Amino acid sequence: MIPLHIFLETLFLCQTGIGVLGNSILLSFFIFTNHKLRATNQIISQLTLANFLSVLSRGIPMTISAFGVKDFLDDTWCKIDFYLQRVSRGCTLCSTCLLSGFQAVVISPNTSPWDELKARAPKYIISSCLFCWVFSLFSEAGVILGMTGPWRSNTSFGRTSDLIFCTWKDPVRNFISLTTFRDVFCVGLMICTSIYKIILLRKHYQQVQHLYRTSCYPRASPEIRVTGSILLLVFVFVSFYLINCIFAMYQNFFLYSSSWLVNVSAFCVLCFPTISPFLLSSRDSQIARACSAPTDRYKHEPPA
């Protein structure tokens, strides 16, 4: 049997390293690309930035803690780190919701009520992304008041949540109203738009089914491929989000806190920002071509 501390060290080190690498590559593409980004990729760039901050702010402290380092964050750094965790989580949630809603409008038929919005939607992408960041920055500002350094047995804070390397005072009372409303609204909207897109894709498949039978090499349109990628992305996000919610409710409402619960919850939170850059880059043609361009140029370069 592998000792628990070695398993946690390896788990969080690999998860953080892979997440930083994947999101760094994707961010580099969005920063240094010479091509104009599609509207969906503009949203994905904000999602990638939020994922990158999430991996850094949560993955690095959890990795350091897994290696047995104690009290490496004081009160000030606990406030900064946990604030970044909450802001990046909120931006990831809002960006994924925005991406799902935007794609539902894009693939809606011309006879739908969204026809007028479809032409104007790309104009509001930047302002919508900016709203996600501003809303998350202000809605999570209260976390600074409730965060302190590592929990000590001789300290009395009332109702607290021990996060191994920091302590969160009265988490439910301070944040349950605003963050719960935001989370329920965004997750509910993602589920509704995903169901709507599945219905549209099913109708589209039934209409073009005869083409698939007669064509030797059927190819789906770019909109259909992007929609499938976003559906998969939303499914992964909602799955890990609901799993993490179960652990969070158990910890908050039953006043039970332990290191294994914090470790499992952190692992679930880090899964989506670690997986999503590879999922997006493998299924997005614009990103895949940019990532393979250096390799193709090296292959065709004549020997010296």
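Predicted model: local features only at pLDDT ≥ 70, side-chain atom pairs only at ≥ 80, totals over all residues.

Reader: OK, helix packing. At what angle do α1 and α2 pack?

Author: About 155 degrees, with the axes of α1 (residues 4–32) and α2 (residues 39–66) 8 Å apart. Angles over 145 degrees count as roughly antiparallel, so α1 is roughly antiparallel to α2. The crossing of α1 past α2 is left-handed.

Reader: How do the residues of that contact of α1 with α2 divide?

Author: There are 15 nonpolar, eleven polar and one charged.

Reader: Now α3 and α5. At roughly what angle do their axes cross?

Author: Roughly 150 degrees, and the axes come within 8 Å. That angle makes α3 roughly antiparallel to α5 as well.

Reader: Is the crossing of α3 and α5 left-handed or right-handed?

Author: The crossing of α3 and α5 is right-handed.

Reader: Which residues meet there, between α3 and α5?

Author: From α3 you have Tyr83, Val87, Gly90, Cys91, Cys94, Ser95, Leu98 and Phe102, and they meet Ile125, Ser128, Cys129, Cys132, Trp133, Ser136 and Leu137 in α5. That contact divides into eleven nonpolar, four polar and no charged residues.

Reader: Let me zoom in on Phe102. Buried or exposed?

Author: Phe102 has 9% relative accessibility, so it counts as buried. Phe102 is found in helix α3, residues 75–106.

Reader: What is Phe102 in contact with, leaving aside its neighbours within four places in sequence?

Author: Ala39, Thr40, Ile43, Ala121, Pro122 and Ile125. Pro122 is 20 residues from Phe102 along the chain, with their C-alpha atoms separated by 8.5 Å.

Reader: Switching to rings. How many aromatic pairs does the count come to?

Author: Five aromatic pairs. One of them joins Phe131 and Phe135: their ring centres are 5.8 Å apart and the planes sit at 25 degrees, so the pair is stacked.

Reader: Where do Phe131 and Phe135 sit in helix α5?

Author: They are four residues apart in α5 (residues 125–139), so about one helical turn separates them.

Reader: And is Phe131 buried or exposed?

Author: Phe131 counts as exposed because its relative accessibility is 55%. Phe135, at 27%, counts as partly exposed.

Reader: What about Phe237 and Tyr241, what kind of pair do they form?

Author: A stacked one, with 6.0 Å centre to centre and 15 degrees between the planes. Phe237 and Tyr241 are four residues apart in helix α9 (residues 222–253), so they too are separated by about one helical turn.

Reader: Are those two, Phe237 and Tyr241, buried or exposed?

Author: Phe237 is buried, with a relative accessible area of 8%, and Tyr241 counts as buried at 12% relative accessibility.

Reader: Last one: which residues do ring pairs link into a cluster?

Author: Phe237, Tyr241 and Phe272.

Technical notes
Residues numbered from 1 in each chain as written. Heavy atoms only, no water. Axes fitted to C-alpha atoms, helices over the stretch in contact; angles between N-to-C directions. Helix = DSSP H or I, 4+ residues; strand = E, 2+ residues; numbered from the N terminus. Parallel < 35°, antiparallel > 145°, perpendicular 65-115°, else oblique. Left-handed = near helix turned anticlockwise from the far one by under 90°. Nonpolar A, V, L, I, M, F, W, Y, C, P; charged D, E, K, R; others polar. Phe/Tyr/Trp six-rings, centres within 6.5 Å; stacked < 30°, edge-to-face > 60°. Buried < 20%, exposed > 50% of the residue type's maximum accessible area, 1.4 Å probe, protein only. Contact = heavy atoms within 4.5 Å.
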